[in-house]
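Please open the model in your viewer and keep the sequence panel beside it. The tour below goes from one selection to the next and says what is to be found at each stop.

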Amino acid sequence: MLYAILCYHDEDHVGSWTKEQDAAVMTKLTVVQEKLAKQGRLGPVARLLPTTAATTLRKDDPPLVLDGPYAETKEQLLGFYVVDCKNLDEALEVARDLGAANPGGAYEIRPVGVFRPGDVQS
Amino acid sequence: MTDTAWIDAALTSARPQAVGALLRYFRNLDTAEEAFQNACLRALKSWPQNGPPRDPAAWLIMVGRNVAIDDLRRSKKQEALPEDEAISDLDDAEEQLAERLDGSHYRDDILRLLFICCHPDLPATQQIALALRIVSGLTVKQIARAFLVSEAAMEQRITRAKARVADADVPFETPGAVERSERLTSVAAMIYLIFNEGYSASGDTAEIRSPLCEEAIRLARLLLRLFQSEPEIMGLTALLLLQHARAAARFDADGAVILLDDQDRSLWNKSLIAEGLALIDKAMRHRRSGPYQVQAAIAALHARAEKPEDTDWTQIDLLYGALEIMQPSPVVTLNRAVAVSKVKGPEAALDMIEPLAQRLSNYFHYFGVRGAFLMQLGRNDEARTAFDRAIALANTSAEAAHIRMHLDRLQRDSQPRGKKAGK
């Protein structure tokens with residue numbers, strides 16, 4: 001079974017780490033990741049850019065583009081995509097296509113800062 | 001991270017919101033700051049034992065407020081006469097805290113806190129020092145170090161600024177849309193000043209001063225989280241990120257300036273660039289351009305170029321043209337001339353800056369740029385005159401060193417071969 005592990009933390013808090021603190025945490029995490037990778041059990045890993053870089057597409061009819069992250073609490077996170085796009089407009093176009101296929105709810109579009117594709121057989 | 005480092009990080013990140021709320025309750029900056037300090041002291045005792053509270057800012061506001069009220073009551077007994085207006089907002093506050101924190105308030109709390117520091121009577125350096133002390137919570141020692149002044153001088157500067165702010169009328173009611181947007185503009189300008197204070201450092205002080213750039217970025221991100229749909233705040237944040245991304249490549253080992261064209265681009269911080277570019281993308285969708293967005297777009301064109309020769313100078317020229325219309329200034333025209341020199345050659349660029357001579361007669365960069373154009377045209381004597389003037393006007397030793405490099409080159413070029421080694 002593949003499991004997704006979703007990371008939550010206070011962004012302000014993580015944002016106020018010094019460069020050294022941030023690097024120290026990342027080094028510790030890499031140790032854990034490498035162990036998994038050697039066993040062939042690590043899939044894609046991503047560190048997202050801050051929520052200030054996020055845009056949300058409400059899948060209403062017509063879809064509505066809002067600045068900022070998805071802030072409602074009544075829906076639940078059901079899945080995610082990682083898509084290679086030239087810019088935000090292109091990413092929004094992809095999200096609109098997906099939304100047309102599956103209306104309702106919303107997509108939060110967030111640029112990925114660090115991405116390791118990983119290597120795992122499903 | 002050590003065991004208590006998470007507490008420091010939590011206190012730092014909660015600070016603007018907590019001090020902003022306490023300021024709204026007590027309407028006095030000193031009381032608010034003191035209340036926050038006291039709350040932090042209690043947090044240091046309580047959090048390691050009980051773990052972090054769910055909402056650290058709410059915890060600090062509640063505890064800070066209670067401690068301060070106790071203090072006020074105690075001093076009231078001593079002074080006999082009650083000062084009700086000092087705590088007039090309290091009933092209201094209890095209600096709000098009962099339902100934890102009201103999100104819509106805290107946006108204006110933080111904006112107010114930042115806005116107080118932008119008081120127009122305060123010179124720019126005092127605005128910055130005040131914001132770093134009050135909003136960011138840097139110690140006087142840290143600020144003094146970043147400003148390269150003594151601790152005593154900085155202490156005095158901050159005390160003076162606080163006194164002036166205390167005398168000023170700070171409107172505590174929720175601002176209207178127009179007022180909010182005016183506050184936002186002042187605050188954005190102040191954050192830009194903080195950044196520049198760090199960015200304009202010379203090579204030997206860049207390391208010491210870079211915390212100013214990082215703090216400015218933190219404040220810009222904070223502001224953007226509060227005002228998510230303001231394209232100019234996106235532009236400001238993007239501009240700071242894109243400029244700061246080049247920090248590691250801007251000076252050589254001796255602290256001399258390395259110009260954009262000569263920088264080792266592999267040293268640029270890719271993650272900051274990615275974030276800056278993402279924000280520009282977001283801002284552009286609003287089709288409400290402004291000076292920060294245009295400057296960020298220019299920085300983005302540099303950031304996108306993997307090699308200097310890939311730079312889209314035509315587009316940069318156009319963007320500077322747009323900036324000239326929004327914010328006419330000889331300095332903007334001077335920057336545009338550099339782009340023009342790449343697109344149309346040094347002759348055209350020189351024609352463009354000729355009319356600026358009088359207004360920029362004391363501006364280092366004017367003579368540096370002029371000298372470079374003249375040198376490209378082979379007018380070496382005139383170039384030398386311009387460079388001499390630039391050295392006389394240099395603000396930092398790094399600037400002077402950079403111009404001296406040009407002069408040395410002129411010297412070498414003009415000397416007949418074989419005499420090179422002679423002095």
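Between which two helices of chain B does the loop with R27(B) lie? Select R27(B), and you are in the loop between helix 1 (5-26) and helix 2 (29-50) of chain B, where helices (H or I, at least four residues) and strands (E, at least two) are DSSP runs, numbered from the N terminus.

Before going further, a word on how to read the model: it is a predicted one, in which local features need pLDDT of at least 70 and side-chain atom pairs count only at pLDDT 80 or more, while totals for chains, interfaces and linings use all residues. Residues are numbered from 1 along each chain as its sequence is written, and chains are lettered from A and ligands numbered from 1 in the order in which they are written.

Most residues other than glycine have a negative phi, and most peptide bonds are trans. R27(B) counts as partly exposed because it has 16 C-beta neighbours inside 10 Å; a residue is buried if 20 or more other C-beta atoms lie within 10 Å of its own, exposed if 12 or fewer, and partly exposed in between, with C-beta atoms placed from the backbone.

Next select L148(B), which sits in the loop between helix 7 (140-147) and helix 8 (151-167) of chain B. Its phi, near 60 degrees, is likewise positive in a residue other than glycine, and with 11 C-beta neighbours inside 10 Å L148(B) counts as exposed.

**Chain B as a whole**

The C-alpha atoms of chain B fill a box of roughly 90 × 50 × 45 Å, taken along the principal axes, and 40% of its 423 residues count as buried.

Select helix 13 (residues 291-304) of chain B, whose 14 residues should span 20 Å at 1.5 Å a residue, in agreement with the 20 Å between its end C-alpha atoms; the expected span of a helix is 1.5 Å times one less than its number of residues. Because 11 of these 14 residues are buried, helix 13 of chain B is largely enclosed by the rest of the structure. Among the buried ones are Y292(B), V294(B), I298(B) and H302(B).

Move on to V340(B) in helix 15 (residues 330-343) of chain B, which counts as buried because it has 25 C-beta neighbours inside 10 Å. Leaving aside neighbours within four places in sequence, V340(B) is in contact (C-beta atoms, placed from the backbone, within 7 Å) with D317(B), A348(B), A349(B) and M352(B).

**Across to chain A**

Turn to the place where the chains meet: 21 residues of chain A are in contact with 21 residues of chain B. Helix 1 and helix 2 (19-38) of chain A each supply at least two residues of the side that touches chain B.

**The sheet of chain A**

Finally, select the strands of chain A, three of which form an open sheet in the order 3-2-4 with antiparallel pairing; two strands pair if DSSP finds at least two bridges between them. Strand 3 and strand 4 of chain A are the edge strands, each pairing on one side only.

Strand 2 (residues 55-58) of chain A is joined by four bridges to strand 3 (residues 64-67) of chain A, and four bridges also join strand 2 to strand 4 (residues 106-109) of chain A. Select T55(A), and you will find it opposite D67(A) in strand 3 of chain A and opposite I109(A) in strand 4 of chain A.

Strand 2 and strand 3 of chain A form a hairpin with five residues between them. In the loop between these two strands select P62(A), where the peptide bond from D61(A) to P62(A) is cis, with omega near 0 degrees.

How values were computed
Contact = placed C-beta atoms within 7 Å.
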